[in-house]
Amino acid sequence: MARILINFAHPMKSRSTINRALLSVIQDLDQVTVNDLYDHYPDFMIDVEREQRLCEEHDVIIFQHPFYWYSTPSIVKEWLDLVLQHGWAYGSTGDALSGKLFLQAMSAGGDASTYTKDGYNGFTFAELTSPMRATANLCKMTWLPPFVVAGVHRGLPKEQVQAHANDYHRVVTALRDDRLDLEHVLRSETLNSDLNQAIKGQ
Ligand SMILES: Cc1cc2nc3c(=O)[nH]c(=O)nc-3n(C[C@H](O)[C@H](O)[C@H](O)COP(=O)(O)O)c2cc1C
């Protein structure tokens, strides 16, 4: 079984609906470690050694967060700046993350239809998350298309929140149990666009 690290980043968790719901269904799973970055580092003083050790101890690294200004909450950028050191994460001797899987799991206020070339936001999720993809590539990780819950700005009905939480549970357990069809998934724009095809043996 693969070990999964969830680097969770939400600066106002008490006001979160969707990220809290997603987190609640996976946090007690076997082989899953939740690392709440804002909880651990309210002053942004990231313990680089601790974070590197956590990465080394896991096979799959997930950043779960709300989409903020077409990107991540700021602590994720701080984490990347400090933790992904030359000679550890990248460079000729930087192999600590090599071969691990990388996933962004995020919620966005805007509807999916606004994230198209001609839509209100003018860019796709694939385009907007490309710096994370490039980062994963530089660190020799296997990047996965993001798990996206879009259209949360008006508040989703309870049943939809629960459906997204179920999907997230399916994805995390499939990653843990090596049941994700990587070939299929890598052809998709978002990981959760067609989970029946993306997950093997269900
Ligand atoms: C500072 C800030 C920036 C945001 N930027 C975006 C954005 O660029 N695109 C978008 O679709 N939603 C944006 N939103 C909306 C959040 O993504 C949305 O509130 C969040 O995903 C809801 O998740 P939660 O229920 O877990 O808080 C932003 C919200 C805040 C507070």
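User: Which residue stands opposite L5 in β3?
Analyst: In this predicted model, strand β1 (residues 4-8) runs parallel to β3, and five bridges join the two. Within that pairing, the residue of β3 opposite L5 is I61.

User: Why is strand β3 described as largely enclosed by the rest of the structure?
Analyst: Buried means under 20% relative accessible area. On one side of β3, V60, I62, Q64 and P66 are buried, and on the other I61, F63 and H65 are buried too, which leaves both faces covered. Strand β3 (residues 60-66) is largely enclosed because the number of its residues that are buried is seven of the seven.

User: Are α3 and α4 roughly parallel or roughly perpendicular?
Analyst: Helix α3 (residues 48-56) packs with α4 at an angle of about 90°, and their axes are 10 Å apart. Angles of 65 to 115 degrees count as roughly perpendicular. The orientation of α3 to α4 is therefore roughly perpendicular.

User: How many nonpolar residues does the contact of α3 with α4 have?
Analyst: From α3, the residues V48, E51, Q52 and C55 meet W79, L82 and V83 of α4. By class, this contact has one polar residue and one charged residue, and the number of nonpolar residues is five.

How values were computed. Residues are numbered from 1 along each chain as its sequence is written. This is a predicted model: local features need pLDDT of at least 70, side-chain atom pairs count only at pLDDT 80 or more; totals for chains, interfaces and linings use all residues. Side-chain values use heavy atoms; hydrogens and water are left out. Buried means under 20% relative accessible area, exposed over 50%, partly exposed in between (1.4 Å probe, protein chains only). Helices (H or I, at least four residues) and strands (E, at least two) are DSSP runs, numbered from the N terminus. Two strands pair if DSSP finds at least two bridges between them. Axes are lines fitted to C-alpha atoms, for helices over the stretch in contact, and angles run from 0 to 180 degrees between N-to-C directions. Angles under 35 degrees count as roughly parallel, over 145 as roughly antiparallel, 65 to 115 as roughly perpendicular and the rest as oblique. Contact means heavy atoms within 4.5 Å. Ala, Val, Leu, Ile, Met, Phe, Trp, Tyr, Cys and Pro count as nonpolar, Asp, Glu, Lys and Arg as charged, and the others, Gly among them, as polar.
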